[in-house]
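This briefing gathers what can be read from the model about charged side-chain pairs, pockets and confidence. Please keep the sequence and the structure in view while reading.

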Amino acid sequence: MEDQVLLGFIAIAIGVAFGILLFVPFVAISYRRRGRLGLGRTLLWLSALIYFWAIWTYTLLPLPDPDMIRCVGAITDPMSVVRDVQKAFAAPGNPLRQPALLQLVFNVLLFVPLGFFVRVLAGRGILTALVAGFGLSLLVETTQLTGVWGVYPCAYRFFDVGDLMTNTLGAVVGCTLALIVPRPMRGAEARPDADLPRPVTRGRRVLAMLCDFLAYGFVSMGAGVIVQVWLEFVVDDRAAVLDGSLASAAATIVPSALFLVLILVGGRSIGDVAVQLRYGGSRLPAPFARLLRWAGGIGGISALQLPGGIFGFAAAVLFLAAVVLPFTTRAGRGLPGILSGQHLRDARTPASTSAL
């Protein structure tokens, strides 16, 4: 039981990690296809990520010690499922207490969410669910048959044709059950009103800030790792690797410079692009307003930390102000809007209705 709980936590942790990694593009796609980010669909997609990893953790983990494995064969008789059911009902007592029948039921239930996601998130029908269920089940069973694709010298779990059948059945059942979800809430097609301007709420501004924060963090982490790898394997400077100052500088300069270029050229940060926001209306020249806009965002505030000392303290104060102001200023424009004199609007608003 403890192992099953641990595997569940592993699946949740991996699913959430991938959810964070994919969050910014997911937000951008949602705003372009549905006009907004819905909490329900967001949670469904996160559930789908967790479910995907749960399939692998529950069917492959824990990985055994190579010296302790017992090689097994394959069950290729499709009628074994029928015989297991017959034996369960022929045995005295409650048939649901029979391990073989319980395993069969579990195999069906395991793939019910897959069919549900196929219809609700992808907008596809039973045929697609059948193919998806069979394909995913075949991939899992083949992975087991090949000893995790050669990691082990032989299969340590049974390849079972019966599992292919019951898993596929589960996907079909899940797709059928998903019919209870109202049709307008199903599918991945773009909504007809996705291109219409919508009110700029504080929540939307905070979401843009979150996307900026995540994007900055991923670019920063990538830049630091690349510098460390370059120092280790190209320059062969172990002392510089251990010192870490070059990687730390790159982790600040690269994302800050990226945000500066994006805002100077396009007038929007990554978060603004993701949630379809645009700043405008300043009396200042556009380049200067955009520079101040960058200075009040995560890129400028982080760059201020580079000199250290009093500048680091100023960066901390500005960061605190940037977090608080979206909740206290009109329309949540925050520190970038105050410094640049610009106001937030929906990027889908016709250009003729606003300047800059």
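A salt bridge is taken here as a side-chain nitrogen of Lys or Arg lying within 4 Å of a carboxyl oxygen of Asp or Glu, and by this rule the count comes to eight salt bridges. The model is a predicted one, and the protein chain has a mean pLDDT of 89, with 97% of its residues reaching 70 or more.

**Confidence**

- Within the protein chain, confidence is lowest in helix 4, where the mean is 78, and highest in helix 12, where the mean is 96.

**Salt bridges**

- Side chains of opposite charge can pair when their charged atoms come close.
- D272 and R293 form a salt bridge in which the closest N and O atoms are 1.9 Å apart, and this pair links distant parts of the chain, since D272 belongs to helix 12 (residues 270–274) and R293 to helix 13 (residues 286–295), 21 residues apart.
- D272 counts as buried because its relative accessible area, 0%, falls under 20%, and R293 is likewise buried, with a relative accessible area of 3%.
- R348 pairs with D346 in a salt bridge whose closest N and O atoms are 2.9 Å apart, and both R348 and D346 are buried.
- The side chains of R191 and D193 meet in a salt bridge with an N to O distance of 3.2 Å, and R191, D193 and R198 are linked in a network of salt bridges.
- R191 is partly exposed, at a relative accessible area of 34%, and D193 is also classed as partly exposed, at 24% relative accessibility.

**The largest pocket**

- The largest pocket has a volume of about 520 Å³, and among the 24 residues that line the largest pocket, Q103, N107, E141, D160 and D163 lie nearest its centre.
- The elements that give two or more residues to this lining are helix 3 (39–60), helix 4 (80–90), helix 5 (99–120), helix 6 (126–145) and helix 8 (161–177).
- Helix 5 provides the largest share of the lining of the largest pocket, namely seven residues.
- Sorted by class, the lining of the largest pocket holds 10 nonpolar, nine polar and five charged residues.

**The second largest pocket**

- The second largest pocket has a volume of about 440 Å³, and of the 21 residues that line the second largest pocket, F26, S30, R41, T42 and W45 are the closest to its centre.
- Helix 1 (2–21), helix 2 (23–33) and helix 3 each supply at least two residues of the lining of the second largest pocket.
- By class, the lining of the second largest pocket divides into 13 nonpolar, four polar and four charged residues.

**Surroundings of D243**

- D243 is found in helix 10, which covers residues 238–243, and D243 counts as exposed because its relative accessibility, 53%, is over 50%.
- The side chain of D243 makes a polar contact with the side chain of S245, at a distance of 2.3 Å.
- D243 and F327 are 84 residues apart in sequence, and their C-alpha atoms are 40 Å apart in space.

Technical notes
Residues are numbered from 1 along each chain as its sequence is written. This is a predicted model: local features need pLDDT of at least 70, side-chain atom pairs count only at pLDDT 80 or more; totals for chains, interfaces and linings use all residues. Side-chain values use heavy atoms; hydrogens and water are left out. Buried means under 20% relative accessible area, exposed over 50%, partly exposed in between (1.4 Å probe, protein chains only). Helices (H or I, at least four residues) and strands (E, at least two) are DSSP runs, numbered from the N terminus. On a 1 Å grid over the protein atoms alone, a cavity is a set of points where a 1.4 Å probe fits but cannot get out, and a pocket is an open set with protein on both sides within 12 Å along at least five of seven lines; lining residues have an atom within 4 Å of a point. Grid points are joined across faces, edges and corners, and a volume is the space filled by probe spheres set on the points. Ala, Val, Leu, Ile, Met, Phe, Trp, Tyr, Cys and Pro count as nonpolar, Asp, Glu, Lys and Arg as charged, and the others, Gly among them, as polar. pLDDT is the predictor's confidence in each residue, from 0 to 100. A polar contact is a pair of N or O atoms within 3.5 Å; within protein, one must be able to donate a hydrogen and the other to accept it, and residues adjacent in sequence count only if both atoms are side-chain atoms.
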